[in-house]
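I am opening a notebook on a structure that is new to me. The entries below record what I looked up, in the order I looked.

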Amino acid sequence: MLNLIITMHDEQDTGEIHAHTQDNVLAGRITYVKNDAHHITIEHTYVKEDFNGQGVGGQLVKAAIEYCKTNSIKITPVCSYVVHYFEKHADEVASVLYK
């Protein structure tokens, strides 16, 4: 698994979580929409082709989950990768899944 630098880029109505290598190369990102102060919808997970299969998507989703747990935010997963992650890790994500 790559040692990535994860950064949050939060705007008023949207946001992104970026994963960069130690050399500051963008490896992937998650994009989300803020539904309100305590609810986001993750719309897309993108991993650069050079980084496929190296755990970038998983690290991005874990960062989103931790951010939401810390800030009492619920997640609606729309992106197929995140939907699959939530199904596979139901116990881990139960506290942040929007119902």
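I take helices (H or I, at least four residues) and strands (E, at least two) as DSSP runs, numbered from the N terminus. The model is predicted, so I note that local features need pLDDT of at least 70, side-chain atom pairs count only at pLDDT 80 or more, and totals for chains, interfaces and linings use all residues. Residues are numbered from 1 along each chain as its sequence is written, and side-chain values use heavy atoms, with hydrogens and water left out.

Entry: the cavity. I searched the whole structure and found one cavity of 30 Å³ or more. On a 1 Å grid over the protein atoms alone, a cavity is a set of points where a 1.4 Å probe fits but cannot get out; lining residues have an atom within 4 Å of a point. Grid points are joined across faces, edges and corners, and the volume is the space filled by probe spheres set on the points. The largest cavity holds about 30 Å³. I listed its lining as I17, I30, Y32, I40, I42, A64, Y67 and C68. Strand 3, strand 4 (39-47) and helix 1 each give at least two residues to that lining, and helix 1 has the largest share, with three.

Entry: D10. I placed D10 in strand 1 (residues 5-10). Beyond its neighbours within four places in sequence, D10 touches G15, Y32, K34 and Y67, where contact means heavy atoms within 4.5 Å. Which side chain makes a polar contact of 3.1 Å with that of D10? I found K34. A further polar contact, of 3.4 Å, links the side chains of D10 and Y67. A polar contact is a pair of N or O atoms within 3.5 Å; within protein, one must be able to donate a hydrogen and the other to accept it, and residues adjacent in sequence count only if both atoms are side-chain atoms.

Entry: strands 1 and 2. I read strand 1 and strand 2 as antiparallel, paired over six bridges; two strands pair if DSSP finds at least two bridges between them. They form a hairpin with three residues between them. H9 stands opposite E16 in strand 2.

Entry: phi. Most residues other than glycine have a negative phi. I noted N24, not a glycine, with a positive phi of about 65°, in the loop between strand 2 (14-20) and strand 3 (26-36). S72 also has a positive phi, near 55°, and lies in the loop between helix 1 (56-70) and strand 5 (74-77).

Definitions and conventions:
On a 1 Å grid over the protein atoms alone, a cavity is a set of points where a 1.4 Å probe fits but cannot get out, and a pocket is an open set with protein on both sides within 12 Å along at least five of seven lines; lining residues have an atom within 4 Å of a point.
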